[in-house]
Amino acid sequence: MYKVLNNIKLSKNFRIEEFICKEGKGEVLIADGLVERLQRLREYLDKPITIVSGYRSPEYNKKINGSPKSQHLEGRAVDIKVHGISPEEAARAAIELGFKGIGIYHTFTHLDIRQSLVNKVGRQYDYWDMRSKR
Ligand SMILES: [Zn+2]
């Protein structure tokens, strides 16, 4: 865990501030490989990406009723909006680029680099679509 003193540039298009917990004191955790993969997605799509949610502290995760095993708690997940394309299109690209957890929501796409898969159907990634749920 680091306290952010400067808005350090992590890659060509992403800065550390974008990953910081939305509520807290500048806490952030970023797992190895997340930024690199996100940068690859940014270049693959060639469109600006907004990180809606990156790291979540345990307190914040509880407050928003996040899953107790949320990958956001481990710094392995981001919820993103990609300018000009649908959450589903972003999800498709993320699968191509090797993200392991992919969730489609009405207004954003959840992506993570989980280390073990939940599904037992032989897919190389976990996938869920929340658009039909409320
Ligand atoms: Zn998420």
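1. Just after α3 (87-96), G98 takes a positive phi of about 90°; helices (H or I, at least four residues) and strands (E, at least two) are DSSP runs, numbered from the N terminus. The model is a predicted one, in which local features need pLDDT of at least 70, side-chain atom pairs count only at pLDDT 80 or more, and totals for chains, interfaces and linings use all residues. Residues are numbered from 1 along each chain as its sequence is written.

2. In α3, the residues P87, A90, A91, A93 and A94 are buried, a residue being buried if 20 or more other C-beta atoms, placed from the backbone, lie within 10 Å of its own, exposed if 12 or fewer, and partly exposed in between. E88 and E96, both exposed, are carried by the face of α3 turned away from its buried side.

3. The buried residues of α3 pack against α1, β4, β5 and β6 (109-112), where contact requires C-beta atoms, placed from the backbone, within 7 Å. Leaving aside residues up to four places away in sequence, A94 touches L41, F99, I102, T109 and L111.

4. From the N terminus on, the elements of the chain run β-β-α-β-α-β-α-β-β-β, which comes to 3 helices and 7 strands. Buried residues make up 30% of the 134 residues in the chain.

Methods. Two residues are in contact if their C-beta atoms, placed from the backbone, lie within 7 Å.
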